[in-house]
Each structure stands twice: as structure tokens, then as C-alpha cells.
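Welcome! Here is a short tour of one protein structure, for anyone meeting it for the first time. Please have a look at it below before reading on.

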Amino acid sequence: MRATVLGERIAIAAAGLLLALSAGCYSGRADLEGAGGDGPESGDDADDGAPVDPTVLERVGHSGLRRLTAAEYGATVYDLLGVEVDAELLLPEDWRQPFDNDYTTQVASPALIEGAELLGADVAELALATPALRDALVGCTPASTTDTECFRQFITAFGRRALRRPLLDEEIDRYAGLIAEAEASDDFYAAVEVTLRALLQHPEFLYRVELGTAVPDAPGVFRLSDHEIGTRLSYLLWGSTPSDALLDLADADQLHTAEQITAAAEQMLDDPRARARLGRFHAMWLGYEMLPHAPELADAMQAETQALIDRVVFDEGLPWQDLLRFQQTFVTPSLAEHYGLPAPAQADWVPYTDTERQGLLGHGSFLSAMSKVDDSSPTKRGVLVRTRLMCQDIPPPPPNVNVDDTEPPEGVCKEEFYRETHAQGNCAGCHSLMDPIGLGLERYDHRGVYRTVEDDDASCQISGEGSLDGAPFTGPSELSDLLLDSGSLNGCLTQQLYRFAVGRSELDDLDMAFVRGISDELGRDADVDLTDLLLRFVSDEAFALRREDTEPQEGQ
């Protein structure tokens, strides 16, 4: 099926508005005339004009316009249409730092607009190619080629789901005019296709638009509508669009009090999508989202870590800290052999026996992260622990230093090279923070395989001795125990979760006030239930507010 001129104009108008919106020209839904029309008045379902406690205002962070990441786009399309697409092939790359949703790096470009247009066309064609998917999407059986009643029913239902809010009557009327596509081609579904293409390029589909209602006596602060809160919840907990049930709550003004939000979030955490979302959060946070191994090995390692997260966080409701304490691991027979563990008959849980492994830090996924092409890097492993698990800043190396030139000279063992060479000169201060941690993990190569010598060279024995802030350790087990005793994990966990939730890696005083408020409630050394932490986060009044972001994004 091919769209006619009218359909192409709708698609072009949507793409043009996308460029204007992402370039900072978007001032509200009134700007959508010609590509979907005005949306509902922002804040109709919130407590308009209600004051906010000054202590809450002190921890409302800045919020900018957020485009769906490639992963979010794919998940959203699947939940809407049942169609699987690899959006990474057409959308601009999402930079990881460490998360892929930092809106300050999302730049409008011709590539973005062209990618969105191509994806919209591909998705629409796929959705209509299978009769079962097509019929579920449309929701009614057209009585004729130009069945306007059925067409309007489709527009109303799908438009609400795609734009994450109800459409106004005038919006429905505008899209209903596309029935001319069906008349011109003598095919009802031609009109459905061009409507799908237009909605999938709509700025409010591609971007998470938050307007809200101005808070009295708080310039630049806005209270989000129920639909905007529902969208925040959905993309935080599922990485995808709100369900019909969540939209129903928003339609009924039942999604803006702390109690209402908490109840909705509790139900959402029971959905399998929450498991996948928190698994992806950990994978990006700890650097094992993409592993440099053969697919079978990489998949087995990632499944091992996901199984641990599922068991600790969801199945048994154990403290998050048990991810670092666990004495069993989930392995396939081949992965068990890779680690040197007793191999089960099929993928199953096996105990760590007579090894230095423990919990997630003993997984090949973690030990493979931040490695070099063919070997481990004590420095990179140290950076991973300091910056990702302890949330400490490590200054970048001087511009005249080649960070890839870390190979020891011939005849010099790697451990000796790191302990002696990096302890000298201007770089010694930073390397003293990183290298001792990495050296304590050196008995595990870049694939997580245990070893006692370097490159099968018996003359280069690996001691496996490292230290964290002066405390000695050997291997993942003892490092995990030191981190658990350090008092740094709860604050860092909260900080990383906040970065992931707000879509911004660089945090300011307002952000850190929110983070400290939550982490102080938890306590530095207390065990934390991760689902409880998420519920505390979303039920905080600041979660339902936004502060206008006055800083320009990159490329603007």
C-alpha cells in the first residue's frame, strides 16, 4: 500500500514539527496545528493552583524534552502494535553515559527525521500485513471501504494510546479526513496505514512532552497532569508506553496523589516488563549491556545476571545488597564449564564452591565490562568500581597521555608494570585510586575465567592482591564485602536510579537534594529493598513536578 499526496503531507508536517519541537521552538500543544492539532489543556486532571511545600521545591530537578530512545521506541511499538523493529538501525545513536536516555545529548537532525519517517512506514506496513494484528489494531470490522464510524473508533482508541492522552474532538475530526485515502484507493486500510504513519511521526509520540500547570509562587515549576505522571511511571518502570489500564486511571483523575501513584506502581512492578527494565538498568549501569564475546557466551552471562536480579529483587524480595552477597549462580552447562564450576544437566542454580566468586561481581558479565580487546585492564576495572558503584569522580587523564598504551615492555609482568610504573609521575594520584582495585580482580581474565598466571606464562604469577581505600582484598568475594561495608552503596544506588529516571547524567544541587533525601531515609548501611526504593521515589511529591530546563541542549 502506498500513501497518496494527502497522507504524505501529514507525514511531512509531523516530521517538520518534530524538528521545530526538538530545536526548542515547541511551546505547547497549540503548536501541533497541522500535525495532530491541539491536545487537551495541560493540568486539567491535576490539583490546579495548589501550593507546594517549600522543602519539596528545593528538590525539584530540571526536566527537558525527552525523545524515546531506540530501545524505548522498539518496546513502545511492540506494546502498541505487536510488531518487532530494531530502531537502532534507523534512529540516531543513543549515547551511554552510562544510561542511554540523557536528553541533553539528544540532537535534532535530518537523520532523526528521516529515520522516524522510515520507521513509521515500516511499522505501519508490518502492523497491517498480518490480519490478526491488523484486526486487533483497528478494533472493528469496516462495513464498507469508507466506514467512517469504524475509522473514527480506530483513531480515538489508537490515538489515545500512541500520544498517551485522549485526543480532542477536533483532532479526531482532522484525522478522520484521511478516510479520503480509502476512497481514493478503494481500500479501507489505506486510510489506517497513513494515519498510523502520521501518528508514529507525531512529536508527542516520539517525544515525552511534559507541560503541567504552573505552581503558584514558584517560577519555572509545574505540576504534571495525570497523563504526564502515567507516562513518567511507565517509561521508568517498563521502558514503554502506558497501558490502557494506566491511561484509564489518568482519564479518571486517579493518578496524582502519592497513594494513587504508589498503588499504580505496585501493580506495574508485578508486570514482567518491570523485570526486564530493572535488568537493563543494571546492565547499563554496570557496563555489561553489550559484551565482546560470541553470542552464546554473552547471552549466557547476561541471563545469569538477569536471573540473579529476578530472584533477589522480585521472586524472593531480598535486599538489593544480596546481589553482591549471593552464594549461588545461574549457569548453563557451558557457562559452568567456562567458570570451572560443577556443570548442571541443564541451566540451573549451582553453588559457588572453593572459589573467590560471590554475587554479581563474580559474574562474567561484570568481569567482562570495561576490558580491553584481549585482556583485562586493572585501571578500567578500578574506574568501573569507583564511578559506577561508589559514584566517585575520577579526573580524566591529561590530553597528552595515550590511555591505550598500557602494555608492559617485553619481559615485564603486567602486575609489576601496574604496581610500579603507574605509581610514578603526575598520574600516580588517580591510578592509586583505580589500579589497586583492578589488581585485586586480576585472577579473572577479560572473559571472567579464573587464572593464576599471565598468558600461560608461569614466570608471571598473579597474586590477586588488591585494596580498596587501604583495605586489602583478593577476588570478587572480598571486594563485595568491602563495598557492602563501605557505606557508599545506598547513596550511589539512589543517585544512579535518579539519573536513569530523569534522563540526565550531570546532576546539580537540586538533584542531589532529592537523592540525599531518599538515601538519608534509607540509611548508609541499611539493607535496601529495591522495589521499596522505587516506590519511595515515585510517591515523593517532587516526582509529580518539573522544573523548566532553561539550559540549551546539545546542538541547539
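## The nonpolar cores

The largest nonpolar core has 91 residues, and those touching the most other members are Leu233, Leu237, Phe366, Leu479 and Leu483. A nonpolar core here is a set of buried Ala, Val, Leu, Ile, Met, Phe, Trp, Tyr and Cys residues joined through side-chain atoms within 4.5 Å; buried means under 20% relative accessible area, with a 1.4 Å probe and protein chains only. With 9 residues, α15 gives the most to this core. Helices (H or I, at least four residues) and strands (E, at least two) are DSSP runs, numbered from the N terminus.

Phe366 is in contact (heavy atoms within 4.5 Å) with Leu286, Leu360, Leu361, Leu384, Val385, Leu389 and Leu441, leaving aside its neighbours within four places in sequence. A second, separate core of 47 residues includes Tyr73, Val77, Phe158 and Leu206.

## About the model

This is a predicted model, in which local features need pLDDT of at least 70 and side-chain atom pairs count only at pLDDT 80 or more, while totals for chains, interfaces and linings use all residues. Residues are numbered from 1 along each chain as its sequence is written, and side-chain values use heavy atoms, leaving out hydrogens and water.

## An open sheet

Next, the strands. An open sheet of 4 strands has the order β1-β12-β5-β4, with mixed pairing; two strands pair if DSSP finds at least two bridges between them. β1 (62-63) and β4 (213-214) stand at the edges with a single partner strand each, so one side of each is left without a neighbour in the sheet.

Strands β5 (residues 221-223) and β12 (residues 545-548) run antiparallel and are joined by 3 bridges. Arg223 has Leu545 in β12 as its bridge partner.

## The largest cavity

The whole structure holds 3 cavities of 30 Å³ or more. On a 1 Å grid over the protein atoms alone, a cavity is a set of points where a 1.4 Å probe fits but cannot get out, and lining residues have an atom within 4 Å of a point. Grid points are joined across faces, edges and corners, and a volume is the space filled by probe spheres set on the points.

The largest cavity has about 270 Å³ of space. Of its 24 lining residues, Arg232, Ala501, Val502, Phe537 and Phe543 are the closest to its centre. α23 gives the most to this lining, with 4 residues.

Definitions and conventions: Buried means under 20% relative accessible area, exposed over 50%, partly exposed in between (1.4 Å probe, protein chains only). On a 1 Å grid over the protein atoms alone, a cavity is a set of points where a 1.4 Å probe fits but cannot get out, and a pocket is an open set with protein on both sides within 12 Å along at least five of seven lines; lining residues have an atom within 4 Å of a point.
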